[in-house]
Amino acid sequence: TCEDGGFLQVGESNFLPNSKILVIKTDYEGQLQWQSEINIGGHNLGNSALELSDGFLILGSMNRNSALIKLNKQNGDIIFSKTFNNGGTDAFEHAAIVPNGIVAVGYTNAQDSNNTFYTEGRGFMMFLDNEGNQLNSINLNNFISQAYRIQYIDDSLIISGLTEEALDFKVIKMSLEGEVIWHQSYGGDSFDHCFGMDIGNDGSIFLAGHTLSGTDNWDTYTMK
């Protein structure tokens, strides 16, 4: 949901390995205002979006490299587009706005590079300034194999995603300096995949995904 009451959607047109990032902006009644297709080469992913005061920030991948794209709110024109070759097939999944810029999370070295949501990669995060220039990066693979969501709250970063081999939900609390304050894993006796996260007004962390623990088919799996 956007500040003007409308909606922004991000994903892909076509299919890997011949996809383009697709961004669609509608008004509050769902009427199309603009749409934008963005690509370099054939492997492009639109994974998430953030609304800024002066644009929309799109996170994903272009030509198998992590991508950060800022779009004009009125027409979808590109304000800046940055790509980073962080290792193998890599992508940004999500980002948070912090006092000194942007923190993006995702993965590197995907083993299943043509999977759009679980790539069997290695957890990664990058600190950037407000213009999308890299300041620093951290390998998160010792804690998380694929980081899907990040939020900034109380001068700290909360990161969620998958443990190694996608066995359990994973949450990390980290300082803005990149120091891990704590990390926890949650799950059952089989595969548990965490794709979504939100934080309540009281600081409670909500995790959502699906599970094979205690079920023959993938069931939704949500915890607070």
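User: In which sense do β17 and β18 pair, and over how many bridges?

Analyst: The general idea is that strands of a sheet pair through backbone hydrogen bonds, either parallel or antiparallel. In this model, which is predicted, β17 and β18 pair in the antiparallel sense over five bridges. To place this pairing on the chain, you can look for Thr211, which stands opposite Asp219 in β18.

User: How many bridges join β16 to β17?

Analyst: Strand β16, made of residues 192-199, is joined to β17 by seven bridges, and these two strands run antiparallel. Ile199 has Ile205 in β17 as its bridge partner, and the hairpin of β16 and β17 has five residues between the strands, where Gly203 takes a positive phi near 90°. As for cover, five of the seven residues of β17 are buried, so that strand is mostly covered.

User: Where does Trp218 lie, and how is its accessibility classed?

Analyst: Trp218 lies in the loop between β17, residues 205-211, and β18, residues 219-223. A residue is called buried under 20% relative accessible area and exposed over 50%, with partly exposed in between; because Trp218 has 40% relative accessibility, it counts as partly exposed.

User: Which residues form a nonpolar patch on the surface?

Analyst: The patch is formed by Trp218 together with Leu167 and Phe191, and the accessible area of these residues together is about 270 Å².

User: What is the order of the strands in the open sheet of four strands?

Analyst: The order is β12-β13-β14-β15, and the pairing in this open sheet is antiparallel. The edges are taken by β12, residues 146-153, and β15, residues 180-186; each has a single partner strand, so one side of each is left without a neighbour in the sheet. From one strand to the next, the twist averages 15°.

User: How many salt bridges does a search of the whole structure find?

Analyst: To read such a list, remember that a salt bridge here needs a side-chain nitrogen of Lys or Arg within 4 Å of a carboxyl oxygen of Asp or Glu. By that reading, a search of the whole structure finds four salt bridges, including one where the side chains of Lys73 and Glu3 meet at 3.6 Å, N to O. This pair links distant parts of the chain, with Lys73 in the loop between β6 (65-71) and β7 (78-84) and Glu3 in the segment before β1, 70 residues apart. The two residues also fall into separate classes of accessibility: Lys73 counts as buried because its relative accessibility is 18%, whereas Glu3 is exposed, with a relative accessible area of 64%.

User: With which residue does Lys73 form a salt bridge whose closest N and O atoms are 2.9 Å apart?

Analyst: That partner is Glu51, which belongs to strand β4, residues 44-52, and is 22 residues apart from Lys73. Glu51 has a relative accessible area of 26% and is therefore partly exposed. Glu3, Glu51 and Lys73 are accordingly linked in a network of salt bridges.

User: Which parts of the chain does the pair of Lys25 and Asp4 tie together?

Analyst: The side chains of Lys25 and Asp4 meet in a salt bridge of 3.0 Å, N to O. Lys25 lies in strand β2, residues 20-26, and Asp4 in the segment before β1, so the pair ties together parts that are 21 residues apart in sequence. Lys25 is buried, with a relative accessible area of 1%, while Asp4 is exposed at 52%.

User: Is Ser13 buried or exposed, and which residue does its side chain join in a polar contact?

Analyst: Ser13, found in strand β1, residues 7-13, counts as buried because its relative accessibility is 15%. The side chains of Ser13 and Glu37 are joined by a polar contact of 2.6 Å.

Terms used. Residues are numbered from 1 along each chain as its sequence is written. This is a predicted model: local features need pLDDT of at least 70, side-chain atom pairs count only at pLDDT 80 or more; totals for chains, interfaces and linings use all residues. Side-chain values use heavy atoms; hydrogens and water are left out. Patches are made of residues with over 30% relative accessible area and no salt bridge: like charges are joined within 9 Å, nonpolar side chains (Val, Leu, Ile, Met, Phe, Trp, Tyr) within 5 Å. Accessible areas come from the Shrake-Rupley method with a 1.4 Å probe; for residues, only the protein chains shown count as cover. Buried means under 20% relative accessible area, exposed over 50%, partly exposed in between (1.4 Å probe, protein chains only). Two strands pair if DSSP finds at least two bridges between them. Axes are lines fitted to C-alpha atoms, for helices over the stretch in contact, and angles run from 0 to 180 degrees between N-to-C directions. A polar contact is a pair of N or O atoms within 3.5 Å; within protein, one must be able to donate a hydrogen and the other to accept it, and residues adjacent in sequence count only if both atoms are side-chain atoms.
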